[in-house]
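Please look over the chain shown here, with attention to its overall build and to the charged side chains on it.

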Amino acid sequence: MPDFPILGLRIKNPVVVGSGLLTDQERNIRRLLASGAGAVVTKTIHPSPPQGLDERILRLPIGMLNSTTYSKRPVDHWLRVLRSCAQEGLPVIASLHADTPVELGELAREVERTGCRALELGISCLNDETGFGDDDPERVFAYTAETRSRVALPFSVKVAVGDALEERVRAAVAGGADAITMSDTIPGAAVSPLTGELELGGTYGYSGPGIKPLVLAAIWRLRKRGFDLPVMGCGGVGSGRDVADYLNAGADVAQVYTALHTDMYGTLERIVAETGDVLSGAAPAITPTMEVAT
């Protein structure tokens, strides 16, 4: 496969491991890269992550709910990790967020000093105790513009599909974003058959195959309307065909995460291999099965 440029990186394939619990440890990041990932996004680094939360994941028949937020590891720990990875030239993208735009800008500046080459602003986590997500274009602009004023590093702003998506994307672009990551998790819930109560105690982030058609449609619409910044497509990637679907819809690379909660390294190796086969034409075309009501 040819190189795939994204955020100033020229990665060896378009399969990027997205931010989450699986990327909260340096050893996991390194092994994911060794297993074939084009790049890895760290779990979101936050200068003062919420404490004492009951953070869990819930596997569903299709996809997954999670009540997780940010890395609990201190900023100084992550600065050491990022400096080590940068010295070795590893394609690691630092995911960042903070309670205010000024704090995010300061954190981004600290990360830039490590030699890290790219950032992702994880400002759309709906599991945050503030519950803000990224639904306000003015909020998106404030965080993006403040970060842009502090660093020269290329960065992507992570947004979730949903209301006012194009307004939020335009706000990120106006604030100086170099790319968009789409999509973060969307609100989801599951009901316990035993208690009738909501699992995990409320609504939390849903990810997995169920959101892939929504994200594909959103990327395709943006491209049709002339949006020309790079896009990292994210949601429901579990095969090389899924990666190709994102590229065909207009994404530059695809992030995989939820699927890796099953046989993490083996699943990644399979997806990377399948992606190579699909993009080289070695894999047969797959026609989706359509059920027609009668």
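With which residue does Arg 170 form a salt bridge? The partner is Glu 166, the closest N and O atoms being 3.9 Å apart, where a salt bridge is a side-chain nitrogen of Lys or Arg within 4 Å of a carboxyl oxygen of Asp or Glu.

## Basis of the model

This is a predicted model, in which local features need pLDDT of at least 70 and side-chain atom pairs count only at pLDDT 80 or more, while totals for chains, interfaces and linings use all residues. Residues are numbered from 1 along each chain as its sequence is written, and side-chain values use heavy atoms, with hydrogens and water left out.

## Overall build

The protein chain has 8 helices and 14 strands, these being DSSP runs numbered from the N terminus (helices H or I of at least four residues, strands E of at least two). For 294 residues, a compact globule would have a radius of gyration near 19 Å, and the 18 Å of the protein chain agrees with this; the radius is taken over C-alpha atoms, and the globule rule is 2.2 Å times the number of residues to the power 0.38. Of the 294 residues, 54% count as buried (buried means under 20% relative accessible area, exposed over 50%, partly exposed in between, with a 1.4 Å probe and protein chains only).

Arg 225 counts as exposed, at 58% relative accessibility.

## A second salt bridge

A search of the whole structure finds 13 salt bridges. One of them joins Arg 30 with Glu 88, the closest N and O atoms being 2.8 Å apart. Arg 30 lies in helix α1 (residues 26-34) and Glu 88 in the loop between α2 (75-87) and β7 (92-96), so the pair ties together parts that are 58 residues apart in sequence. Arg 30 is partly exposed, with a relative accessible area of 25%, and Glu 88 is partly exposed with 47%.
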